[in-house]
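Welcome! Take a look at the molecule first, then try each task before reading on.

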Amino acid sequence: MQLQQGARLPDGWVESAPAPSASPWQPFVRFLYKTLVIAELELRKLRHDPTELFTRAIQPAIWLLLFGQVFAQARGIPTRGLRYLDFMVPGILAQSVLFIAIFYGIAIIWERDLGIVQKFLVSPTPRAALVLGKALSAGLRALSQALIIYVLALFLGVKMNWAPRALLGVGTMVILGAAGFSTFSLIVACVVKTRERFMGIGQVLTMPLFFASNAIYPISIMPHWLQVFSHLNPLTYEVDAFRALMVAGGSSEFGLPLDFAVLVGLTTLLVALGARLYPTIAR
Amino acid sequence: MFGLLGPNGAGKTTLIKMLTTLLPPTRGTASIGGLDILRQPGEVRRIIGYVPQLISADGTLTGRENLLIFSKLHDIPREERKPRIDDALSFMGLVDSADQVVREYSGGMIRRLEIAQSMLHRPRVLFLDEPTVGLDPVARNSVWEHIAKLQSEFGTTIFFTTHVMEEADALCQRVGIMSSGKMAALGSPAELKAVLGKDDATLEDVFIHFSGDILDTGGGFRATATGRETARRLG
């Protein structure tokens with residue numbers, strides 16, 4: 001098949017390719033810009049139809065209002081000096097972030113079935129920017145959950161830490177957690193490729209990640225084998241950071257630098273892997 | 001304008017996916033505008049536009065937003081974005097519905113929006129995978145009218161697949177007929193009809209002839225037709 005065109009461009013032609021710039025930062029700036037465009041797209045979608053944000057609020061509300069109220073009566077859980085509800089609120093935030101992120105792959109498969117993914121892949125956008133843009137938008141969605149959980153916590157009388165640095169830390173961790181787990185979800189979607197298979201796998205992944213973490217009980221009360229698994233579970237480090245930053249008097253078990261390092265490392269690794277796999281979903 | 005014909009499963013979409021850098025060829029390569037699809041996929045993506053078979057505009061966004069996002073992804077300079085988007089909207093007859101969400105568009109309007117989206121960066125080759133499938137005759141005509149206008153105004157090469165022989169016959173300077181993953185025939189509609197040796201042969205006859213058993217009937221012709229045509233520019 002010959003698709004060679006003559007050297008002469010037709011009349012009325014506008015060359016749109018931007019002139020290459022001398023700055024060594026140019027590729028990096030371009031990459032960041034494209035990432036933000038993808039995130040902008042997702043935000044615009046959300047602005048047109050924000051109902052999702054409210055329906056998403058139901059699950060954490062149920063956990064805090066039903067499960068939390070009952071378990072607050074149990075005295076056997078070592079919570080390092082916190083009331084049980086205060087102990088649980090950071091865990092529920094991590095859970096909401098995880099649930100939002102882990103089913104992100106469904107949207108990817110949906111977009112593939114429609115041909116949207118294909119169209120993005122044919123545009124001159126770095127693959128990693130497509131993946132990171134999606135991850136970032138999952139993070140922004142998850143931020144809205146954080147807002148809802150702060151409101152719920154206030155309502156339940158949980159003493160929150162309002163220091164700006166703490167809030168900033170929580171926000172950053174919400175975005176990191178959602179970005180990491182949503183990219184994980186994207187990778188799963190690229191492997192399984194159909195919605196039916198994904199739904200099954202999504203369920204299988206979420207529950208162990210959640211229960212084998214320190215979200216609603218400390219690791220110390222787990223059987224030994226589960227403790228090992230929990231220490232390998234990135235959600236544990238996310239919860240640990242929330243626990244140190246969200247509630248008044250909270251403290252970190254592993255140290256904030258380790259918590260953030262785990263999540264940054266995980267997200268970077270997954271985005272790199274996702275960028276390699278993302279084009280395969282369109283084939 | 002180049003029309004790619006062939007029965008279902010002949011490999012038309014696969015060929016388009018390879019040419020648009022979505023799918024690496026198992027062997028061989030191709031070049032578009034002098035750029036190699038395997039060695040320079042990034043550059044190829046700058047000079048092509050692609051409209052997939054299925055509806056691919058974002059239903060939750062407005063038409064204008066769909067165009068805005070793609071103008072950004074295609075690196076169209078900020079000051080040019082608005083005029084180009086306005087141009088594209090009026091060109092495709094979508095000015096009145098520009099700020100409506102795409103979910104409320106008709107099938108024909110969505111197709112025109114998608115073509116507008118894929119033309120914002122003025123590609124040299126535009127790939128359309130069955131652009132009129134599922135459209136009523138009125139919508140179909142309006143889509144083709146806009147594509148033809150686009151081609152005459154910007155000189156874009158249009159590469160499309162279709163099952164409707166009349167479309168290919170009326171619009172294409174060249175057509176290719178694929179069968180079981182191979183190009184069974186390549187030439188202008190008139191040349192291909194002449195091969196059958198009947199006075200009143202239609203493109204449909206040609207299609208049936210070549211999409212059958214290519215080993216028996218098509219091989220000899222393929223060599224001559226491609227040989228004669230390679231020099232000529234597509235479209």
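Two residues are in contact if their C-beta atoms, placed from the backbone, lie within 7 Å. This is a predicted model, in which local features need pLDDT of at least 70 and side-chain atom pairs count only at pLDDT 80 or more, while totals for chains, interfaces and linings use all residues. Residues are numbered from 1 along each chain as its sequence is written, and chains are lettered from A and ligands numbered from 1 in the order in which they are written.

**Exercise 1. Describe the overall build of chain B.**

Step 1: Begin with contacts between residues at least 6 apart in sequence; in chain B, 69% of these join residues at least 24 apart.

Step 2: Count the elements. Chain B has 11 helices and 8 strands; helices (H or I, at least four residues) and strands (E, at least two) are DSSP runs, numbered from the N terminus.

Step 3: Look at the extent. Along the principal axes, the C-alpha atoms of chain B fill a box of roughly 55 × 40 × 30 Å. The radius of gyration is 18 Å, which agrees with the value near 18 Å for a compact globule of 235 residues. That radius is taken over C-alpha atoms, and the globule rule is 2.2 Å times the number of residues to the power 0.38.

Step 4: Check burial. In chain B, 49% of the 235 residues count as buried. A residue is buried if 20 or more other C-beta atoms lie within 10 Å of its own, exposed if 12 or fewer, and partly exposed in between.

**Exercise 2. Find out why Leu126(B) is buried, and what it is in contact with.**

Step 1: Locate Leu126(B) in strand 5 of chain B.

Step 2: Count its neighbours. Leu126(B) is buried because 25 other C-beta atoms lie within 10 Å.

Step 3: List partners beyond four places in sequence: Gly49(B), Ser118(B), Met119(B), Thr156(B), Ile158(B) and Phe159(B).

Step 4: Compare sequence with space. Leu126(B) and Tyr50(B) are 76 residues apart in sequence and 5.8 Å apart in space, C-alpha to C-alpha.

**Exercise 3. Work out how helix 4 and helix 8 of chain A meet.**

Step 1: Recall how such a pair is described: by the angle between the axes and the distance between them.

Step 2: Apply this. The axes of helix 4 (residues 84-102) and helix 8 of chain A come within 8 Å and cross at roughly 35 degrees. Axes are lines fitted to C-alpha atoms, for helices over the stretch in contact, and angles run from 0 to 180 degrees between N-to-C directions.

Step 3: Name the residues. Helix 4 of chain A brings, among them, Ala94(A), Val97(A) and Ala101(A), and helix 8 of chain A brings residues including Ala178(A) and Phe181(A). The residues of this contact divide into 9 nonpolar, 3 polar and no charged. Here Ala, Val, Leu, Ile, Met, Phe, Trp, Tyr, Cys and Pro count as nonpolar, Asp, Glu, Lys and Arg as charged, and the others, Gly among them, as polar.

**Exercise 4. Which residue has a positive phi of about 70 degrees although it is not a glycine?**

Step 1: The residue is Lys193(A).

Step 2: Judge its surroundings. Lys193(A) is partly exposed, with 16 other C-beta atoms within 10 Å.
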